[in-house]
Amino acid sequence: MNEFKKLHEDPRLLHIGTCPPRSYYIPAETAKAAQDALRTGSSGRVLSLNGTWRFMYYESFDKAVDADSGIEALRSLRDECMDIVPVPSCIQNHGYDRHMYTNFRYPFPYDPPYIPDENPCAWYRRDFSVPETAGLERSFLNFEGVDSCFYVWINKKFAGYSTVSHSSSEFEITDFLCAGINTIEVLIFKWSAGSYLEDQDKLRMSGIFRDVYILCRPREYMEDVFVKTDLNADFTECVLSADIRLAGSPAVELSLYAPDGILCAQKTPSTGGKTEFVLKNPLLWNAETPHQYRLDICTRAACGTEEHTAFDIGIRKIEIQNACVLLNGKKVKFFGVNRHDSDPVTGYTISREQAMKDLILMKRHNINAIRTSHYPSTPWFLQLCSAYGFYVIAEADIEAHGTVSQRGGYEIEFFSEIAENPLFKDAILDRVQRCVIRDQNRAAVLMWSLGNESGYGTNFENAGRWVKSYDNSRLLHYEGAFWADKNRTNDFSMLDVFSRMYAPTEWVDDYFAENKHKKPLVQCEFIHAMGNGPGDIEENILQILKYEGFCGGFAWEWCDHAVYGGTTAKGKSVYRYGGDFGDFPNDGNFCVDGLVYPDRTAHTGLLEYKNCLRPIRSYRKDGSTFEFVSNLVFTDARSLIDIEYRIEQDGKTVQSGILTEAIFTRNGKGESCAEVRLPLPEASGGIQVLLFNYRAKCDTPFYSAGYSLGFDEYILTEKKTVLCEAEKGRIDCIKKGRCISLSSRDFSYDFDTYTGLFSRMTYKNTVLIEKSCEWNIWRAPADNDRSIREKWEEAGYDRIRTKVYAVRTEELPQGGIRIEADLSVSAAFIRPILRITEQWTIDAAGKLYFNIKAERDTALPFLPRFGLRFFMPRDFENCTYFGYGPYESYCDKHRASSLGLYTTTVSEQHEPYIKPQENSSHWGCRYVKLGNSRITLLTESTGPFSFNVSRYTQKELTSKGHEHELEKSPYTVFCLDARMSGLGSASCGPDLKEIYQVHEKHIKFEGVLTPHINRK
């Protein structure tokens, strides 16, 4: 087709006209400008091509051109006939093509290396001028990210081609330029043969989505440098080597500056190659104190033109000893997250300000590690990670997960097809090399990763061997080896750690049993944070802390992926996910699985994770002696953190202070510990709670002094709840059809003999319930219920009916009325789920004592919950409770909350998950008060219970796909639960642990409902 050849359909043809891969840096005209470039990514030697480009989108190349004119048809387009788009950006965010979300199923037929002929493409064009500056004789065009492949022409001459979406492609275009106005034209395709290696779990977008610029350089310059730091055994001396590759023979000067900016040494090697600096007692880099030296490299061309580049260099040593990961000789743990470049408005296009917001939030929530899932992040991102202090697994732009779905199901035996296919050998190696070489000078990178979920085979063994031969100063990771074909002779020797995802805690215990493990363990994905979750964080973190060889885990994932769709007339934000775009295949809201909302508001799951990662943990040794163990490895907890304590009696503070005597020293296990004896007051009421709050002692770049980094809590004493005695007095009891009417001077209640619950409740002429109470075993499925949900629905839990077999009434000697009933809860065509015996005792004051005994059919699945549901007047807005708050809490997700007295409103309780689901329950409650300005209903139980108050019914939350679609109930919905199942991580992890399931055969619930008029 004229001059154009479809290079992107050949998996072995990766790049044409590109320069060899190099480390990321920005050259500058002076040393000061080079230092500034570290922070800004720009200098006087950078000609940015970001901005407005002319643009045309086509559903396929054949629709863009005709057979005769070929590419000339695009070139002949007049500017006024073209659209305009910003660069960088994703074209789907500007109305072209369509958004799509698929987890692992390829968006085209699986037939490697072939891709569809109807392959959307886009034509970009803009003009630019290169300033004529004496001594700057060479020009290099840089694309930092283009999805999925692109062709480039300068002044109508073909300059090159490249296919790798998330790595840099650099072209020397010196010979293509002319004086004055130049024109650049770029053709991108949505899919290429390389798309078989880019099947990452994310919204699928395309375009020139990262920076584009031209570097103006002298004829002689530094092409690349690889800086390594070699520490001696006791870390008192470092040999810092800079291996330089030059273009030509410029003069070279290297200047090394200490973290405080003081010049350490200068070297002027006569040629390129390796230059070494010897440093005595260097300041070492780690995530807690990320000290970085600065290496300035100046080259001077024969014409006298200077070029300066600056590199921040962290001195550290990562190694493995006795199957433990050590950093600078100390055992280190990774408490991490998986992070995509993602934004609901800009998509893959991320600014420094957006990235810094992410990193600051992570620091504020005790996260110290990041896995760049599943591709290299934007090039300057790891500069920020190194400066702020994060441990990074830097991952190559590879995922071929879709091999498993080629026959429509999920078949592991196909996992390694691409890994073994020789057509992709060079592409896999190229992507790994570009990942490693680009970020080779970043202190934050402790591990390289060969990619994600692509099986295992010859291609990865080949790439892994290259990594270890090129950079032996870091560890190598690849979880795909877990799925290697057991019938093949596999070579795992180049992999330094054993990696897997979502391992059950029992599997982890077995891995470390009897010291049979040979490699450190890392969970590159664990605790699935989708929706209301994860619910099993603490157990996983305790295992990381317990086993020395368990070097850490990375939560899946950092942020919810969604596309912003504006706001509704009611002001609600609209977020869209898979299936909302007419996309097929799609995986629904499975991309909405982060610890933060798309706008970076924290989920309660992030708050839970934060406290499970608190820098100090306390342990009660005896009555008033507490041991504090610091999880900080390189810094003294006492110099950074104040331990504040507070003792509450029935929700009121009776004693508080700061433990100034907490001095941390190393114990025999190498832990940093402090022991403190704290005199405790005598209990004078129902429940006494001690809370240790770990607060920042000083201001940091991430939070101010006094900021809470986490807490521990102890219940010191608790008296068993004794329900108040019934008040004497006469109650009228009349049988009216299916109802038993109970009344006195103060109240009127109707008991429905068809449901076994109350259908009407009025107290002091004020309505307490607007419609009949209900037995309640259903919850709007949380995202982590997505597997068990099918079993719940099969068992009819979402459509229960009640059958009352017998009702008995009794007038008590003191005048109260007792109602007993035998009943069952079942569903159409389902045998009884529960058989219940209940007893309600109503006294003369209108208090309702309940004693409910349920027997569950254990052949059916565990219950979502068990309790009662009340539909109260809408103006019942005020809520006070003694339980775990202020955040939503569950039996396996309550570490962000503490046991105390909280006052809130019903409206404040709703957690606006993008896909509606169970939310805002409170676990471990001793009592709850719900009412309006006139009246309150107090609920107490003989044991801790859960409750939930909401403006939405479970049916509404279950049926609606988006938060903005929810319609409020005309009632205040009050769910009172004897038991609520936990949340877990089962949407992508192990099943919910049995201890967190409502699975017991016998369930008992005893308590009292007490209405009263509020005091004025």
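**Group meeting: a hairpin, a sheet and a helix pair**

T567 stands opposite S573 in β35, and that's where I'd like to start, hi everyone. Before going on: this is a predicted model, where local features need pLDDT of at least 70 and side-chain atom pairs count only at pLDDT 80 or more, while totals for chains, interfaces and linings use all residues. Residues are numbered from 1 along each chain as its sequence is written, and side-chain values use heavy atoms, with hydrogens and water left out.

Helices (H or I, at least four residues) and strands (E, at least two) are DSSP runs, numbered from the N terminus. Two strands pair if DSSP finds at least two bridges between them.

Back to our hairpin. Strand β34 (residues 563-567) runs antiparallel to β35 (residues 573-576), and three bridges join them. Five residues lie between these strands, and in this hairpin G571 takes a positive phi near 85°.

Next, the sheet. It is an open one of four strands, ordered β19-β18-β21-β22, with antiparallel pairing. At the edges you'll find β19 (263-267) and β22 (306-313), each with a single partner strand, so one side of each has no neighbour in the sheet. From one strand to the next, the twist averages 15°. β21 (residues 293-300) pairs with β22 over eight bridges, in the antiparallel sense, and R294 stands opposite D312 in β22. Helix α1 (residues 31-40) packs on this sheet and touches β21 and β22, its direction making about 45° with that of β22. Contact here means heavy atoms within 4.5 Å. Axes are lines fitted to C-alpha atoms, for helices over the stretch in contact, and angles run from 0 to 180 degrees between N-to-C directions.

Now the helix pair. α7 (residues 425-438) and α8 (residues 458-470) pack at about 30°, their axes 9 Å apart. α7 and α8 are therefore roughly parallel to each other (angles under 35 degrees count as such). Who makes the contact? From α7 it is K425, I428, L429, V432, Q433, V436 and I437, and from α8 N459, F460, N462, A463, W466, V467 and Y470.

Finally, let's zoom out. The protein has 15 helices and 60 strands. Its radius of gyration is 32 Å, close to the 31 Å from the globule rule for 1016 residues, so the protein is as compact as a globular protein of that length. That radius is taken over C-alpha atoms, and the rule is 2.2 Å times the number of residues to the power 0.38. Along the principal axes, the C-alpha trace spans about 110 × 70 × 60 Å. Thanks, everyone!

Note on methods: Parallel < 35°, antiparallel > 145°, perpendicular 65-115°, else oblique.
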